[in-house]
Amino acid sequence: MSMEAVPCAAERADGAAGEARPLRDCTGACCHGGAKMAVLAYSLGKREINQHFTIKNAKLISLAVVFLLLVFHTASRYYGGGDSCEWLLSRGRYLGENVWQPYGCMMHKYKSIEAKTCLAEKRVAFVGDSRIRQLFYSFIKIIDPERREDGTKHEDISFEDETASVNVDFLWYPEANNSMKERLIAWTHETSVKPDVVILGAATWSIKLHSGSSEALQQYRVNLSAIAVYLERLADQGEVYWVLQDPVNEKVLSDNRKMITNHQLELYNEAVVDVLNASKRNGRSRVKLLSASRQAAMETISQSDDGLHLPESTRDVGAMVLMNSVCNKLLRPIDGSCCQELPPPNLFQKLSLCFFLGSALVYLVLHVLGNNRHRRPVPPDVESLEEKKPATASIPLGPKAPFQALCRMGIIMAYFYLCDRADVFMKEQKFYTHSTFFIPLIYIFVLGVFYSENSKETKLLNREQTDEWKGWMQLVILIYHISGASAFIPVYMHVRVLVAAYLFQTGYGHFSFFWLKGDFGLYRVCQVLFRLNFLVLVLCVVMDRPYQFYYFVPLVTFWFVVIYATLALWPQILQKKANSSGIWHLGVLAKLLGLLLFISLFAFSQGFFESIFSMWPISNLFELKGSIHEWWFRWKLDRFTYSIWASSCKTKTECNEMHPYISVVQILAFILIRNIPGYARSIYSSFFAWFGKISLELFICQYHIWLAADTKGILVLIPGNPSLNIMVSTFIFVCVAHEISLITNDLAQVVIPKDSVALLKRLGAVGLLSLLVLLVARSSQT
């Protein structure tokens, strides 16, 4: 075979496999030499990948991986012992220089008002030496950031916040001796005022005063054994923490502290662990050991001025760990998963479980009865957000198909619940660096270029081009979310442009369909609304979140209704009618001007906006935490639909004020650049287009099965290996999003019938059911 014939033969093989691509002239059009071999390698390599790694195989692999991970995490919790509270107090690592990440859970950064709310009417006592005094100051600075370290050394120090009745005391007891024991005994008396939280620690003075002798260590054990009895009694009515000794920087210790070595501190820590473990009741010690600050200090003690006392940033870690341990179970911050007990499922979550189990039972019955009609093959280009009529098929869906789809959906919802509502998988907080955002961007754009194809259409904003556009934008947004890049304002504002462009595409697609097709029928409207909202409505029930929490879907739905109403109202002006007479173009212009006035009326009158969207029952769709402020912010931000400017604005507030007016320039510029060059217009990236077809599902699913804690953190399926964890969780996440897109399209054909009478009956039933649900929810709130 000649070298020139090989690429042409490869192209014929691709064509035979069903790929629509033009064949080149094999007589002389082929390239020569290395370029020809590169084309051959590219074609064969891509075909080999596509042949063996199909989405069906990927989903089977992801299902097996999820099962193995569930077994692993369940077994590690059962046999490995420990919970998120123990992880918080004992293990962690630094993200960057100052951000502390506990092992397997998220630590909330408490503000003053939150700390006062948690500690209202409580007494907190710090008992120990100068190191405990430092921890005391870091703790009260969370409550009162203006507080200075102005107390007298080697004496008791008191702090009181009268507005919240919070009392925090430091009691100077530098040694674990009889004096400390007498203090604890006094607190155990019924008539005494007991602290709700006690934090203790001491060892360095015992080492210093006795020159690190073995006799002093033995006496320390004896004293601690006597103290442990009363610590357990205090722990029965409050919380007690013993702070393990932090390391020292032996090189810079003063001469009178040279005997305080890290070896000595380790011996004293071992004594504490042995004694407190020996005092366990019912197999468990009620006294909690705080060693996370010690682990943090191992990396920062070199920054200590005197070699003994920790840098302020490290002391703050210990204080925030304590605040999370005490307050998370009370305030339940969504980004503070450490030390939180999970709430039991509510009524709607239980009903959803019964519904999915019932669907599974019906499916099994139909399967046993032998109802094995073939389900209609799903179109390969299904996309929930795309305005197009559902693909028709000669073989209709059988009665078993919707129940099969609901079974698949039930399994997926169980995975959602386990990831973000159950204490099965771990969660960690985000931490932004430029590399975590920009390096993945390079990876995905290389893949996007590798999977380039010839476009079947060359018109402006054709289907393949818009899918490609949605795909790469969605991937950028996903990387933006998981990397925490919202902390970097230039990236934040450019992503705001992508969201605006996404809304522009959906609005453009809706307008184009109605303008060209003129299909304003109820069936069409219900199909689009179902495809947009099905997943979110299910998640609202299963994950116990309001509709407005998934803000993008309300935005897209709202603008679809607005565009539909604008074009459907009399006079209905379509492209054919406008082409027949120029006067109809003025009619379209008048409608668009009316739409602009409508938008401006809402945008510049917040009171009017709030009065409209706060009316019951539609307020349930637009409120978040009892307020429509978030809906006002999201709607106003992208109501009309800047790189140097976005990089120069100083705050998010300043940037967001100008964003709606400037983002349109960026969107139009991209459209022009993407479509003017002939070659660029004739190709598209099938890699990006594939993701574009499931872009809506990707955007919604990320909330709970890729990110965690309602997007505040990152889901951890593979502990201890962040890179592998991201790869595994991303693989499962993409497979789930694709499967949900298929399920949505399956159910849309069943739920939305073409017969108008049947459709109206179902809409009436849905309306009555929705009203009943709203009334039940309203009564439960009151």
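Which cysteine forms a disulfide with Cys 105? In this predicted model, the partner is Cys 338, and the sulfur atoms of Cys 105 and Cys 338 are 1.9 Å apart.

Cys 105 and Cys 338 are both buried.

## The disulfide of Cys 85 and Cys 339

The count of disulfides in the model comes to three. Another of them joins Cys 85 to Cys 339, with an S to S distance of 2.0 Å. Cys 85 belongs to helix H4 (residues 84–90), whereas Cys 339 sits in the loop between helix H12 (312–331) and helix H13 (347–368), so this pair ties together parts that are 254 residues apart in sequence.

The torsion about the S-S bond of Cys 85 and Cys 339 is about 95°, so this disulfide is right-handed. Cys 85 has a relative accessibility of 16% and counts as buried, because the cut-off for buried is under 20% relative accessible area. Cys 339 is buried as well, with a relative accessible area of 7%.

Cys 118 lies in helix H5 and Cys 327 in helix H12, so the pair ties together parts that are 209 residues apart in sequence. Here the torsion about the S-S bond is about -90°, which means that the disulfide of Cys 118 and Cys 327 is left-handed. Both ends are buried: Cys 118 is at 3% relative accessibility, and Cys 327 has a relative accessible area of 0%.

How do the two helices that carry these cysteines stand to each other? The axes of H5 and H12 come within 10 Å and cross at roughly 75°, and H5 and H12 are therefore roughly perpendicular to each other. On the H5 side the contact is made by Glu 114, Ala 115, Thr 117, Cys 118 and Leu 119, and on the H12 side by Met 323, Val 326, Cys 327, Leu 330 and Leu 331. The residues of this contact of H5 with H12 divide into eight nonpolar, one polar and one charged.

## The six-stranded sheet

Six strands form an open sheet with mixed pairing, in the order S4-S5-S3-S6-S7-S8. Strand S4 (157–161) and strand S8 (288–290) are the edge strands, each of which pairs on one side only. On average, and with direction ignored, neighbouring strands of this sheet are turned by 15° against each other.

Helix H9 (residues 214–237) lies across strand S6 (197–201) and S7, and the helix runs at about 155° to S7.

## Ser 165 and its contacts

Ser 165 is found in the loop between S4 and strand S5 (166–172), and this residue is partly exposed, with a relative accessible area of 28%. When its neighbours within four places in sequence are left aside, Ser 165 is in contact with Leu 119, Ala 120, Glu 121 and Lys 122. For one of these, Glu 121, the separation from Ser 165 is 44 residues in sequence and 5.0 Å in space, C-alpha to C-alpha.

## The three-stranded sheet

A further open sheet has three strands in the order S9-S13-S12, with antiparallel pairing. Strand S9 (426–429) and strand S12 (707–708) stand at its edges with a single partner strand each, so one side of each is left without a neighbour in the sheet. Four bridges join S9 to strand S13 (residues 713–716), and these two strands run antiparallel. Within this sheet, Gln 429 stands opposite Gly 713 in S13.

Methods
Residues are numbered from 1 along each chain as its sequence is written. This is a predicted model: local features need pLDDT of at least 70, side-chain atom pairs count only at pLDDT 80 or more; totals for chains, interfaces and linings use all residues. Side-chain values use heavy atoms; hydrogens and water are left out. Two strands pair if DSSP finds at least two bridges between them. A disulfide is a pair of cysteine sulfur atoms within 2.5 Å. Buried means under 20% relative accessible area, exposed over 50%, partly exposed in between (1.4 Å probe, protein chains only). Axes are lines fitted to C-alpha atoms, for helices over the stretch in contact, and angles run from 0 to 180 degrees between N-to-C directions. Angles under 35 degrees count as roughly parallel, over 145 as roughly antiparallel, 65 to 115 as roughly perpendicular and the rest as oblique. Contact means heavy atoms within 4.5 Å. Ala, Val, Leu, Ile, Met, Phe, Trp, Tyr, Cys and Pro count as nonpolar, Asp, Glu, Lys and Arg as charged, and the others, Gly among them, as polar.
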